[in-house]
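Morning, everyone. Please look at the structure on the screen, and then we'll go through it together.

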Amino acid sequence: MLFSSLSFLYVFLPIVLLLYIVSPRKLKNSTILLASLVFYAWGEPKYVILMVASILLGYVFGLLIEKLQKGKLRNAMLALSVIVSLGMLGYFKYADFFIDNFNKATGLSVPFLKVSLPIGISFYTFQMLSYEIDVWREDVKAQRNLINLAAYISMFPQLIAGPIVRYKDVAEQLETRTHSLEKISDGILRFTVGLGKKVLLANTLGEISKVFGASGNQTVLFSWLYAAAVALQIYFDFSGYSDMAIGLGSIMGFTFPENFNYPYTSKSVTEFWRRWHMTLGGWFRDYLYIPLGGNRVKELRWFFNIFVVWMATGFWHGASWNFVLWGLYFAILLILEKKFLGKYLKEAKVWNHIYLVLLIVVSFVIFDNTDMAQGAHRLAIMFGLSGAKFSSVESVFYLKDYCFILLVSMIGATSLPKRAVLRIKKTAAGAKVMDVLEPVFIAVLLLVCTAFLVNGSFNPFLYFRF
């Protein structure tokens, strides 16, 4: 079930929120757990068993890890828990990928397992791993209430698209959290803005990619239009879902971590990755990069650590070589910035931003094309290396047709709208006006999004690979 679907907005969510509101405080986590299992089973009933099994194993491993004294046996228990979690992720997400590459390398014909990918498995696996590792590190106590742990792992707002919420960030909130009209109001606004990002911006931008792929006349101009649309679509899809998750969490009394902080306003790749999918970057930093030694090692080992982390980051996004290439692409850029580019970028006030946007747009062409030959061809067209014409009647038509949504998206990817609202709210009169306008804005935005969904607008789901 998608957040951006009529069944979620007008059937599932109202029923769940009503049940949550009337539930006694002691049963609110049980309500979340039940709602989350129904949410997951709506699309993939058979894989609910897998998620429940993962939760039960994590619960047992957490208790055992905490009970054992520091030493080899405790370390072995952690290692076993990690192997089990990553083993399930590897089987369902990467088994056929490895079989395919094994067949190509050996000339054999090992049959594919043809296992469907459970939606959100990468997200809830990483959350389970963070819980088990933090118990081992003694950063948190093992959760003895199975309902609370299960509610944390399966929580439907962030189950299929993040943000990746670490157990230690919500452990106290699972036990005691405050509910207020202010949190509910903020949550509704945040959710509706996220819905607008997804339905009105990301989905419309996705149409450009669809049209470009079907076109037999892929000019330089059309290729850049496609590349810009893909980069913006992925941002508004990811950040839109994160906003909806954070908003839903706020309605239910939780404070989830931020996941995006206007990454396209960055002036370097290093800064971009401090602002983009921040919970994923933080997870890899704390649970892979730092344990490998981080930057507290010799230079060659440091470079090795960066390559390992970014190869893993790319591979996390999907079982295809283009994602690995995408991760290694960023590893090279980050190393270059750390070695010498960084100091020049600080001084290049305008060019540093142009540099960043150009590299990010190229990166998302790599990301978007699981067929690497097709991706290389599209990049070749963009840079005039394929002999394609610069423009055509078709490409100019689509540029004119989508120029408004591109302009709105570019402005929306910056902090300008938020800063404008905050500036208005600084005055007493402006604050009163905004108090009236915000509910109207929410109602109108929800109405427009509903109209788009009723009309059967293009509504792709980018998270199937996760």
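Which residue caps the N-terminal end of α6? Asparagine 145 does: a side-chain oxygen lies 2.9 Å from the backbone nitrogen of isoleucine 147. Such a polar contact is a pair of N or O atoms within 3.5 Å, one able to donate a hydrogen and the other to accept it.

Some ground rules. This is a predicted model: local features need pLDDT of at least 70, side-chain atom pairs count only at pLDDT 80 or more, and totals for chains, interfaces and linings use all residues. Residues are numbered from 1 along each chain as its sequence is written, and side-chain values use heavy atoms, without hydrogens and water. Helices are DSSP runs of H or I with at least four residues, numbered from the N terminus.

Stay with α6, residues 146–154. Of its 9 residues, 7 are buried, meaning under 20% relative accessible area; exposed means over 50%, and partly exposed is in between (1.4 Å probe, protein chains only). Among the buried ones are Leu149, Tyr152 and Ile153. The buried residues pack against α2, α3, α5 and α7, with contact meaning heavy atoms within 4.5 Å.

Now the loops. Most residues other than glycine have a negative phi. Lysine 114 has a positive one, about 55°. Lysine 114 sits in the loop between α4 and α5, and is exposed, with a relative accessible area of 71%. Tyrosine 262 also has a positive phi, about 50°. Tyrosine 262 is in the loop between α9 and α10.

That's the tour. Thanks.

Definitions and conventions:
Helices (H or I, at least four residues) and strands (E, at least two) are DSSP runs, numbered from the N terminus.
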